[in-house]
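Reader: I have not worked with this structure before. Could you please guide me through its features, one at a time?

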Amino acid sequence: MPIAPPGVGTPPRLDPRLHDVRLLVRQGRIRASSDALALLDGAASAVTFDRLDRAVLVALTTECLLARGETARAIVWGEQLTDLVVGPGAATALHARGELASAQDQHERALELHLASGASGDGDHLPWRSGAALALVRCGRRREADDLAQAEHATALERGDPHDIARSLRTLATTAADGRAIGRLTEARALLAGTDSRRLAAQIDTDLAGLLVLSGEHAQATVLLRGAESYAAREDLWPLQSRVRRLLERLGETPLRLEAEALAVLTNAERRVAVLALDGLSNRAIAEQLVVSVKAVEGHLSKIYRKLGVTSRRSLVATVGRLA
């Protein structure tokens, strides 16, 4: 089932460039999203965005920063949302502030902000019920949480969007106490098969792996965790990567080295060659992109292999934990 286009169920008048970035974030392409948002923020100083555009820009930026574990920077960015909680974009600003409050373990505050987002009149396109439900769970109010999660799931089913349905099933797997968490997460995985919802899929795989570890199904859990680990490493998602690592270590598995950790020992020139090699470029293509000779690329690769203790591109990918 294809993912609905980013304009479906979203407020009108959004800058087309923000539609594109919103889709990147939805797909879990956090690196590309962060780069695009930085460019848009630069453009915003020259081109006046309206309140809705600004709220969406700041909300997407804080979401990417939180996904990468840069909470302090996200909080600084989130200060801009204070003046955007009324008028156009209010629901987006309130929801983003709710996510920031959750990241700081301010669960009562998060609940208040998510409910305000839903009550603002234009929050139907946002998963405010899921945000509020998770805050309620953390506040020990599971029955209320499950009611909201069920309502979110019903809304998602009405829309028919597999991304939204899968996200609502993930929330239900947390709120419901009926023993169906594994089944719900498995259903969510099936819904996302063939879609571009990479971050949500990795989060669901990690949730499911955690339950499988508890039930003794270690082989399947390991497969799920390795996939989530590779994705998180590619996108520099430290919180997700840390969670995956803890589960792998519990299984007695050795986590892959993160790209940033592995490449830290390289010079700048070697790092540029390594990144392009990890992206699957041939030696000639790397040489053309860096405007150097093929022989120079081969020399850099030899030094890279020696420093990282590998002997080939295949072992380089396996060591760094990044798919070519």
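Predicted model: local features only at pLDDT ≥ 70, side-chain atom pairs only at ≥ 80, totals over all residues.

Reader: Which residues does Leu225 touch, not counting residues up to four places away in sequence?

Author: With those residues left out, Leu225 touches Thr206, Ala209, Val244, Leu247, Leu248 and Leu251.

**Helix packing**

Reader: How should I read the packing angle of α9 and α10?

Author: Angles over 145 degrees count as roughly antiparallel. Helix α9 (residues 162–175) and helix α10 (residues 181–192) pack at about 165 degrees, their axes 9 Å apart, and α9 and α10 are therefore roughly antiparallel to each other. The crossing of α9 past α10 is left-handed.

Reader: Which residues of α9 and α10 meet?

Author: From α9 come Pro162, His163, Ile165, Ala166, Leu169, Arg170, Leu172 and Ala173, and they meet Ala181, Arg184, Leu185, Glu187, Ala188, Leu191 and Leu192 in α10. The residues of this contact comprise 11 nonpolar, 1 polar and 3 charged.

Reader: At roughly what angle do the axes of α16 and α17 cross?

Author: A crossing of 65 to 115 degrees counts as roughly perpendicular. The axes of helix α16 (residues 283–290) and helix α17 (residues 294–308) cross at roughly 110 degrees and come within 8 Å, which makes α16 roughly perpendicular to α17. Asn283, Arg284, Ile286 and Ala287 of α16 make the contact with Val294, Val297, Glu298 and Leu301 of α17. Of the residues in this contact, 5 are nonpolar, 1 is polar and 2 are charged.

**Backbone angles in loops**

Reader: Where is Val291 found, and is Val291 buried or exposed?

Author: Val291 is found in the loop between α16 and α17. To be called exposed, a residue needs a relative accessible area over 50%; Val291, at 73% relative accessibility, counts as exposed. Although not a glycine, Val291 has a positive phi of about 55 degrees.

Reader: What is the phi of Asp105, and in which loop does Asp105 lie?

Author: Asp105, also not a glycine, has a positive phi of about 60 degrees. Asp105 lies between α5 (90–103) and α6 (107–119) and is exposed, with a relative accessible area of 59%.

Notes
Residues numbered from 1 in each chain as written. Heavy atoms only, no water. Axes fitted to C-alpha atoms, helices over the stretch in contact; angles between N-to-C directions. Helix = DSSP H or I, 4+ residues; strand = E, 2+ residues; numbered from the N terminus. Parallel < 35°, antiparallel > 145°, perpendicular 65-115°, else oblique. Left-handed = near helix turned anticlockwise from the far one by under 90°. Contact = heavy atoms within 4.5 Å. Nonpolar A, V, L, I, M, F, W, Y, C, P; charged D, E, K, R; others polar. Buried < 20%, exposed > 50% of the residue type's maximum accessible area, 1.4 Å probe, protein only.
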